[in-house]
Amino acid sequence: MSESEPKWDYTTRGGNIFIGGAVVALNLMVVLAVILDRTVPSVHAFITGKPI
């Protein structure tokens with residue numbers, strides 16, 4: 001790539017770590033919610049509005 005061409009990659013290491021951590025945390029929250037939904041009747045009733 002020559003010096004006259006623009007550089008379009010504006011990502012930083014810190015930004016990548018932040019976004020990666022956010023994705024991992026949200027995935028863990030989804031997995032925890034699914035596990036609780038299937039094992040705890042009161043959580044299932046809260047999420048779906050219907051008893052098991």
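A residue counts as buried when its relative accessible area is under 20%. H44 has a relative accessible area of 18%, so this histidine is buried. Keep that residue in mind as you look at this predicted model, since H44 belongs to helix 2 and takes part in the contact between helix 1 and helix 2. Here is a short tour, starting with the two helices and then moving to individual residues.

**How the two helices meet**

- Helix 1 covers residues 13–39 and helix 2 covers residues 41–48; the two pack at an angle of about 110°, and their axes are 5 Å apart.
- Angles of 65 to 115 degrees count as roughly perpendicular, and helix 1 and helix 2 are therefore roughly perpendicular to each other.
- The two helices cross in a left-handed sense.
- On the helix 1 side, the contact is made by A33, L36, D37 and T39, while helix 2 brings P41, V43, H44, I47 and T48.
- Sorted by class, this contact has five nonpolar residues, three polar ones and one charged one.

- The side chain of H44 is joined to that of D37 by a polar contact of 2.9 Å, and both residues belong to the contact between the helices.
- Beyond its neighbours within four places in sequence, H44 touches D37, G49, K50, P51 and I52.

**T48, also in helix 2**

- T48 sits in helix 2 and, at 36% relative accessibility, counts as partly exposed.
- T48 and D37 are 11 residues apart along the chain, and their C-alpha atoms are separated by 8.9 Å.

**The segment before helix 1**

- T12 is found in the segment before helix 1, and its relative accessibility of 49% makes this threonine partly exposed.
- The T12 side chain reaches the backbone nitrogen of G15 at 3.1 Å.
- E3 lies in the segment before helix 1 as well, and with 80% relative accessibility E3 counts as exposed, the cut-off being over 50%.
- From E3 to F18 there are 15 residues in sequence, and the C-alpha atoms of this pair are 30 Å apart in space.

How values were computed
Residues are numbered from 1 along each chain as its sequence is written. This is a predicted model: local features need pLDDT of at least 70, side-chain atom pairs count only at pLDDT 80 or more; totals for chains, interfaces and linings use all residues. Side-chain values use heavy atoms; hydrogens and water are left out. Axes are lines fitted to C-alpha atoms, for helices over the stretch in contact, and angles run from 0 to 180 degrees between N-to-C directions. Helices (H or I, at least four residues) and strands (E, at least two) are DSSP runs, numbered from the N terminus. Angles under 35 degrees count as roughly parallel, over 145 as roughly antiparallel, 65 to 115 as roughly perpendicular and the rest as oblique. A crossing is left-handed if the near helix is turned anticlockwise from the far one by less than a right angle, and right-handed if clockwise. Contact means heavy atoms within 4.5 Å. Ala, Val, Leu, Ile, Met, Phe, Trp, Tyr, Cys and Pro count as nonpolar, Asp, Glu, Lys and Arg as charged, and the others, Gly among them, as polar. Buried means under 20% relative accessible area, exposed over 50%, partly exposed in between (1.4 Å probe, protein chains only). A polar contact is a pair of N or O atoms within 3.5 Å; within protein, one must be able to donate a hydrogen and the other to accept it, and residues adjacent in sequence count only if both atoms are side-chain atoms.
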